[in-house]
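Hello,

Here is the structure you asked for. My notes follow below it.

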Amino acid sequence: MLEIEPTDRGGIMRGKKADAEGNQPTIGAVDDSDDYRGALKRIGGSPSDNWNHVLANQAVQTLWLGNSNKEARQRQWSATLAALIGITPKDELEGMLAAQLLASHYAAMECYRRAMIPEQTFEGRRESLSQANKLSRTYAVLLEALNHHRGKGQQKVTVEHVHVHQGGQAIVGAVNSGGGDTQKSQEQAHAPRGITNEPGTPMWGPDPERDAVPVAGSAGEAPV
């Protein structure tokens, strides 16, 4: 068990169990200026490089290295650090979520791999796929939590009350501006098809002058 001894720099963590001479071993320093350089902040999101080291090692230890040779292990370690840097944690919380995202991803992929092993029982394959499904859901929940922490979650705005003052109108739907054009288009919409009438023009005009047509009769021809 560790105890924290206050100092000018914050505190010193010491082991509770003393050695043979009665001295408590110093484990590490809290708020150590050498630790807060932030050289590895891109990995763990913390200005404390001790934290960034611990987080990186935790993420690396979730890898399945049983079938990997030395070269493959080195590549997997480098890929894990690259993934943490790619997620770009901005603080310790994002660093923890990033490490857990990698852990759930590695575990899910290992379950998917084991489900594809030939010559296994149906129950074994089903169990591997079931665990992979649970881990994939966990991954989705962690990703949603990370996005929510970063403020990228879906935002919904609900309008509960609409106040319309005297002389105003509440309109729901698309509103087209244009003044008189709107009234004109509405009048044309109610007009019978095939008939157009301009304002101020009578529907029926005077009959044009026609020539007289001769009609045959007993007393001779007379114009009509």
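Glutamate 110 sits in helix α4 (residues 92-115); helices here are DSSP runs of H or I with at least four residues, numbered from the N terminus. This is a predicted model: local features need pLDDT of at least 70, side-chain atom pairs count only at pLDDT 80 or more, and totals for chains, interfaces and linings use all residues. Residues are numbered from 1 along each chain as its sequence is written, and side-chain values use heavy atoms, with hydrogens and water left out.

With a relative accessible area of 12%, glutamate 110 is buried (under 20%; exposed is over 50%, partly exposed in between, with a 1.4 Å probe and protein chains only). Its side chain makes a polar contact with the side chain of arginine 113, at 2.6 Å. A polar contact is a pair of N or O atoms within 3.5 Å; within protein, one must be able to donate a hydrogen and the other to accept it, and residues adjacent in sequence count only if both atoms are side-chain atoms.

The axes of α4 and helix α5 (residues 122-149) come within 8 Å and cross at roughly 160°. Axes are lines fitted to C-alpha atoms over the stretch in contact, and angles run from 0 to 180 degrees between N-to-C directions. α4 is therefore roughly antiparallel to α5 (over 145 degrees).

The largest nonpolar core has 16 residues, and Leu84 and Leu146 have the most contacts inside it. Such a core is a set of buried Ala, Val, Leu, Ile, Met, Phe, Trp, Tyr and Cys residues joined through side-chain atoms within 4.5 Å. α4 gives the most to this core, with six residues.

Regards

Notes
Helices (H or I, at least four residues) and strands (E, at least two) are DSSP runs, numbered from the N terminus. Angles under 35 degrees count as roughly parallel, over 145 as roughly antiparallel, 65 to 115 as roughly perpendicular and the rest as oblique.
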